[in-house]
Amino acid sequence: MSEPNPSAADRWDDAIESVPVAPWTAEQVRALEQQQPPLSMWRVVAVQALVGAVLAGLWAIFGSQPRAQAVSALCGAAAVVLPSAAMAWGLRRRSAQPAAALLGFLVWELVKIGLTIAILVAVVKTLPELSWPALLVSLIGCLKVHVWGLWALRRTN
């Protein structure tokens, strides 16, 4: 016969008896920060813009309606790049207080989401020959720059 699985309460009791982790010293934090390569928000924005331009160029070369698809791709890139640039500008100063830094991040994230929605609504209302595939491919491609950046950072460590 096998023993019954321990209940969730029993597992939490085991965790309470575990050895506590000592807090890091300022020197340990500085040493970790020196080991990690700095990642500039502006570099991410620049790579997003580059990806958007490349995708728009590809739509212009290989698209069935080159002009409309290239413009749609540029609009998709703008819906990512412009709000990201606004957020990078808004977060350019670091706050000494963690609560203020978190609040600032949340506020600028809301601004970023609002700008993205406003740009997309404006594009849909004003662009008569909108190519949804071009817009969405460009938008998603620019959004994925963060994932590629994290992947590249992981490979360098």
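This is a predicted model: local features need pLDDT of at least 70, side-chain atom pairs count only at pLDDT 80 or more; totals for chains, interfaces and linings use all residues.
1. Next, have a look at the residues where the two helices meet. On the H4 side they include Cys 75, Ala 78, Leu 82 and Met 87, and on the H5 side Phe 105, Leu 115, Ile 119 and Val 123 are among them. Sorted by class, this contact has 14 nonpolar, three polar and two charged residues.

2. The largest nonpolar core has 14 residues, and Val 51, Val 123, Leu 135 and Cys 142 have the most contacts inside it. Helices H3 (41-62), H4 (66-90), H5 (98-126) and H6 (132-143) each give two or more residues to this core. Its largest share, four residues, comes from H4. In soluble globular proteins, nonpolar side chains tend to be buried together.

3. Apart from its neighbours within four places in sequence, Val 123 is in contact with Cys 75, Leu 130 and Leu 135.

4. Finally, is Ser 72 buried or exposed? This residue sits in helix H4. Its relative accessible area is 0%, so Ser 72 is buried. Leaving out neighbours within four places in sequence, Ser 72 is in contact with Leu 127, Glu 129, Leu 130, Ser 131, Ala 134 and Leu 135.

Terms used:
Residues are numbered from 1 along each chain as its sequence is written. Side-chain values use heavy atoms; hydrogens and water are left out. A nonpolar core is a set of buried Ala, Val, Leu, Ile, Met, Phe, Trp, Tyr and Cys residues joined through side-chain atoms within 4.5 Å. Buried means under 20% relative accessible area, exposed over 50%, partly exposed in between (1.4 Å probe, protein chains only). Contact means heavy atoms within 4.5 Å. Ala, Val, Leu, Ile, Met, Phe, Trp, Tyr, Cys and Pro count as nonpolar, Asp, Glu, Lys and Arg as charged, and the others, Gly among them, as polar.
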